[in-house]
Amino acid sequence: MTSAEIIPFNPLDKKSLGASVAEALVSQPVHSLASLNSFMGTGIYAIYYHGDFEPYSPIAEPNKKDLRFPTIPIYVGKAVPQGARKGKVMADPTRSKALFTRLSEHADSVRAASSTLSVGDFSCRYLVVDEIWISLGESLMITKFSPLWNLFLDGFGNHDPGNGRYQGFQPRWDVIHPGRQWATKCKPRLESAEEIARDIRTHLRVINIPENPHFLGNAPP
């Protein structure tokens with residue numbers, strides 16, 4: 001019988017580095033999405049839901065156990081320095097309000113959808129981090145948690161496409177959470193809110209929702 005191959009731990013491996021960034025994020029203090037104070041920084045963030053919208057109960061209930069330590073994000077995102085998409089990298093992550101601005105935009109989206117959601121039922125964590133680690137940390141967070149609003153219910157992070165660009169279909173997020181005015185200008189979807197809610201329930205029944213939110217073996221359970 002041959003023994004299993006032993007692969008030594010490499011702390012500089014890309015996955016290990018990404019895990020350290022993601023672990024730092026899930027270890028950050030929790031803030032109410034409804035009342036964020038302005039702060040400087042670019043980096044990554046996670047948004048948690050702990051309300052009573054019934055289709056979301058499989059992820060909301062674990063978060064309700066202790067609102068100080070929510071475990072299952074409904075959305076994960078990033079906020080990069082201005083000019084990063086044009087290749088201007090290594091900007092100082094503390095000289096921008098991109099993280100605060102992005103989270104504030106998300107809070108406004110939730111407020112607009114007041115018929116189904118309450119911004120008071122959302123909290124968040126954020127991590128100011130150098131740009132080189134932003135995409136890696138975000139990717140590992142999404143891979144581990146499969147956040148509902150990232151991978152299944154599209155549209156939460158969308159911006160108003162602007163005049164002349166409303167030919168696309170209304171995002172599924174806006175069908176089940178109506179209220180954003182720009183979304184009403186898009187082409188209506190064939191799916192109803194009830195059909196999307198049914199699909200959400202099915203999706204959350206079959207995906208593997210992790211019980212431990214941490215990425216490193218020595219992290220607390």
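These exercises with worked solutions go through a predicted model.

Residues are numbered from 1 along each chain as its sequence is written, and side-chain values use heavy atoms, without hydrogens and water. Because the model is predicted, local features need pLDDT of at least 70 and side-chain atom pairs count only at pLDDT 80 or more, while totals for chains, interfaces and linings use all residues.

**Exercise 1. State in which order the strands of the open sheet lie and how they pair.**

Step 1. Strands (E, at least two residues) and helices (H or I, at least four) are DSSP runs numbered from the N terminus. Two strands pair if DSSP finds at least two bridges between them.

Step 2. β1 and β4 are joined in the antiparallel sense over 2 bridges, with S32 opposite S123 in β4.

Step 3. Between β2 and β4 there are 7 bridges, again antiparallel; I47 has C124 in β4 as its bridge partner.

Step 4. Strand β2 (residues 43-49) is joined to β3 by 6 bridges, and these two run antiparallel. Here Y45 stands opposite G77 in β3.

The order of the 4 strands is β1-β4-β2-β3, with antiparallel pairing.

**Exercise 2. Find which strands helix α4 touches, and its angle with β3.**

Step 1. Contact means heavy atoms within 4.5 Å. Helix α4 (residues 131-145) packs on the sheet and touches β2 and β3.

Step 2. Axes are lines fitted to C-alpha atoms, for helices over the stretch in contact, and angles run from 0 to 180 degrees between N-to-C directions. The direction of α4 makes about 170 degrees with that of β3.

**Exercise 3. Decide whether H203 is buried or exposed.**

Step 1. Buried means under 20% relative accessible area, exposed over 50%, and partly exposed in between (1.4 Å probe, protein chains only).

Step 2. H203, in helix α7 (residues 193-206), counts as buried because its relative accessibility is 16%.

Step 3. Leaving aside residues up to four places away in sequence, H203 touches L148 and F152.

**Exercise 4. Classify S20 by accessibility and give its C-alpha distance to F215.**

Step 1. S20 is part of helix α1 (residues 14-26). Its relative accessibility is 35%, so S20 counts as partly exposed.

Step 2. S20 and F215 are 195 residues apart in sequence, yet 7.4 Å apart in space, C-alpha to C-alpha.
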